Amino acid sequence: MTDTARTARAGVPERPTLDGLEETWSRHWQEEGTYAFDRSKATVRGRSAASDAPSPDGRRSDVYAIDTPPPTVSGELHMGHVFSYTHTDMVARFQRMRGRTVFYPMGWDDNGLPTERRVQNVYGVRCDPSLPYDPHWQPPATPVSEERRKDPTPIDRRNFVALCERLTAADEQVFEALWRRLGLSVDWSLTYTTIGRVARATSQRAFLRNLARGEAYQAEAPTLWDVGFATAVAQAELEDRERPGAYHRLRFTGPGGREVLIDTTRPELLPACVALVCHPDDERYADLVDRSVRSPVFAVEVPVRAHPVADPAKGTGIAMVCTFGDLTDVTWWRELQLDTRVVIGRDGRLLPEPPHGVPAEPYAALAGQTVNGARRTMVQLLADAGDLVGEPRAITHPVKFYERGDRPLEIVSTRQWYLRNGGRDAGLREQLLARGGELRWVPEHMKHRYDHWVGGLTGDWLVSRQRFFGVPVPVWYRLDDVGEPDLSHPLTPDEAMLPVDPSSDPAPGFEESQRGLPGGFVGDPDVLDTWATSSLTPQIVGGWETDPDLFSRVFPMDLRPQGQEIIRTWLFSTVVRAHLEHGVLPWRDAVLSGWILDPDRKKMSKSKGNVVTPMALLEQHGSDAVRYWAANGKPGMDLAFDPAQIKVGRRLATKLLNASRFALGLGAADALRAPATAPLDTAMLAELSGVVAAATSAFDAYDHTAALQVTEAFFWRFCDDYIELVKERAYGSGPGAESARAALATALSVQLRLFAPVLPYVAEEVWSWWRYGSVHRATWPTTYEVGRAVEGPADPQLLRLAGDALGQVRRAKSERKLSMKAEVPLAEALGPAALLEQLTLIADDLRAAGRIAKLDLLPDRTPELVIASAF
């Protein structure tokens, strides 16, 4: 049977199964364009009917646009990805069924350090941009050995970038296959990569406009530096890791030979010392402020200064300021206008020559050493000089790392590109805080993280990186008569030239032959931080400046779904770019994911080695089952990985198949849109109407978990109670049978649509048995629709009353170890008269379901309903 035939009412199979649904329906959805964004159905501002009023930002409300997170293509997807991306997909499916034209793209974040590191590990190579391009070079055909990784083969930049592109392309195919299997309702024609031509042009265009407006600038400044990756790192990419260390007490000499003791964990930075700092109110050192002390070993005179950040209770209460040991050193250096003595180079080793004012002889023992080696040497020099007081004291303390690095960060002085983000501009900071207040946060408490981050910024956004696989900084520099670059007046391309690569494209007005020659030009060697491109995902996929028609329909977008840990990076940086370029928020709502926990309630992460990859689970249990597990986690709430919950999801999907087959076997398909008239039928539909209202409200609030819970609870009551109560009547003929079949048809139609966002495969399969088209293009159920199927009184309590009564009969049989099909010669119903009067409305259905020969009603014998069964 072809897929097209399946959607044209395939008929009920004899033995329905979940197996194979993913392959069948994912292929069909792609062939039929089920999830394609149809811009012809998305109105442009000012062109629709007056009743379709524009939103405050000017875009029409019939589009629902999602700024989908582009996963990093540098490894494997894990259950955390399945968790969060399923949440987004449920939103997309719900909004599509609500009649919105859903713009749901998918991107791949493939540039940057993770990709480079993966290429280095897979192929055993490293990039050496000084090498010439070798068009005949080929990577190894088989995985390289550990020895090869430790001694990588140097290759030129062009070959290295080609390897990055090759590996990411293969990874992206694997990722896409998994997303399709999971059932993401993405429009795959809207796929992009963050290193692709469109993304590079968009990123460079935005940067050039930032530069023209004075928002991007270059500066020589202390820079956080990852020695392993050999690149600058931004403040947002830092993380503290607890590491062992030791306090060393050093003896400085003050006026009159006074002993001044300081504690430091970094004695190797002694030649970089430019001051000692104490608190202004610390009386112990008040007489030393604005005077000088002499450093041990090097005998360099350094000033003593006061600053409120100094902590009198830490160590000896007076601290050594070095350029640069940590971020506090940078603060003191800048605010106290201290000298600069840099000793650590970009390679993580001490520079071969001492800084100005430091004697060469003692420094020679440190020159060229690694930080750890220099530390050991410096401790020995201090001990030999008698200026190491006592023994080092072991401690554990937080050390700054690049979030993807494995070596502690250093602070070196480099020239970098920055983008203004409010870190040094109080006015811009307040504007960005106000943007955070305009955004709808789900859950609401996540806004605090945004406010805390923006309020605590200490510098602008460092956006340049000293790497190779990324979006090139689109500028060149003139070389003067002696070959020195004019960094103050960068040469920029026309936007029509974008994207450009200054390392291979000549500067405007120059020939390639003039590269590197006096009077010629040189390209900026750096690339932009990956976040400087990812922060433009709405503009990249929305067609900013390349497709104005599309951009007017989808921007600003409706939803940014993302992880809570990247509020400070992806969310904030995207707000910065949209604010600077467009003067608006990039989206209206931000929905933040919680963590996935392992069975021991610890956060899953690759670094901890406790992640679970999803493909085997999808193949074993089915995608709907895995999606069911994911749907049980609310936005912002952590969820433990629980295989048992996945099994519950499979049972639910199986029950939906079988219950639907049974209901349709009773003739429900031919009774759709007929009225339900019998009391139990109208009661069931009345309760279903409440379920529709609750589920709709929950989805509107991004609470898919509550929507699933109310739908699932009703479904099991529908299967266990209602179907059992009415099946005898539905098998018959006459008004009662017609009413039951009509109610079954409406209930099945509504429930399939309620489940469709969570269980897309089984919902589509059952829908195809008896309805035309796709359930995912059907309209979302409404209380009006359900109410229209009801004729006569409708009391939802009747269904619960009937279920309670039937449950008591079942328990009586179970206690006697009798079959549920066993006859009950006599059953007595006891309870308040009003309750038993209600019971009479459904008595026939109760007798049939319970196989009760005779049912006697005994009013006012008990305060609540009791069904006594006699055998």
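## Helix H4 and its surroundings

In this predicted model, the buried residues of helix H4 pack against strand S4 (125–127), helix H5 (146–150), helix H6 (157–182), strand S8 and strand S15 (388–402). H4 itself spans residues 113–123, and its buried residues are Leu113, Pro114, Thr115, Glu116, Val119, Gln120 and Tyr123. After H4 comes glycine 124, which has a positive phi near 65°.

## The four-stranded sheet

Strand S8, one of the elements that H4 packs against, also belongs to an open sheet of four strands. The order is S8-S7-S16-S18, with antiparallel pairing. S8 (231–232) and S18 (461–462) are the edge strands; each has a single partner strand, so one side of each has no neighbour in the sheet.

Strands S7 (residues 216–226) and S8 run antiparallel and are joined by two bridges. Aspartate 226 has threonine 231 in S8 as its bridge partner. Helix H8 (residues 327–335) lies across S7 and S16 (410–419), and runs at about 140° to S7.

The whole structure contains 49 salt bridges. One of them joins the side chains of arginine 650 and aspartate 19, with an N to O distance of 3.2 Å. Arginine 650 is in helix H19 (residues 643–665), while aspartate 19 sits in the loop between helix H1 (3–7) and helix H2 (21–32), so this pair ties together parts that are 631 residues apart in sequence. Arginine 650 is partly exposed, at 22% relative accessibility, whereas aspartate 19 is exposed, with a relative accessible area of 55%.

A salt bridge also forms between the side chains of lysine 400 and aspartate 240 (3.1 Å, N to O). Here the link runs from strand S15, which holds lysine 400, to strand S9 (residues 238–253), which holds aspartate 240; the two residues are 160 apart. Lysine 400 is partly exposed at 35% relative accessibility, and aspartate 240 is partly exposed with a relative accessible area of 47%.

## A salt-bridge network

Salt bridges with shared partners join Arg205, Arg209, Arg213, Glu215, Glu495, Glu545 and Glu581 into one network. Within this group, the side chains of arginine 209 and glutamate 581 meet in a salt bridge of 3.1 Å, N to O. Arginine 209 belongs to helix H7 (residues 197–212) and glutamate 581 to helix H16 (residues 567–582), so the pair ties together parts that are 372 residues apart in sequence.

Notes: Residues numbered from 1 in each chain as written. Predicted model: local features only at pLDDT ≥ 70, side-chain atom pairs only at ≥ 80, totals over all residues. Heavy atoms only, no water. Pairing = 2+ DSSP bridges. Contact = heavy atoms within 4.5 Å. Axes fitted to C-alpha atoms, helices over the stretch in contact; angles between N-to-C directions. Buried < 20%, exposed > 50% of the residue type's maximum accessible area, 1.4 Å probe, protein only. Salt bridge = Lys/Arg side-chain N within 4 Å of Asp/Glu carboxyl O.
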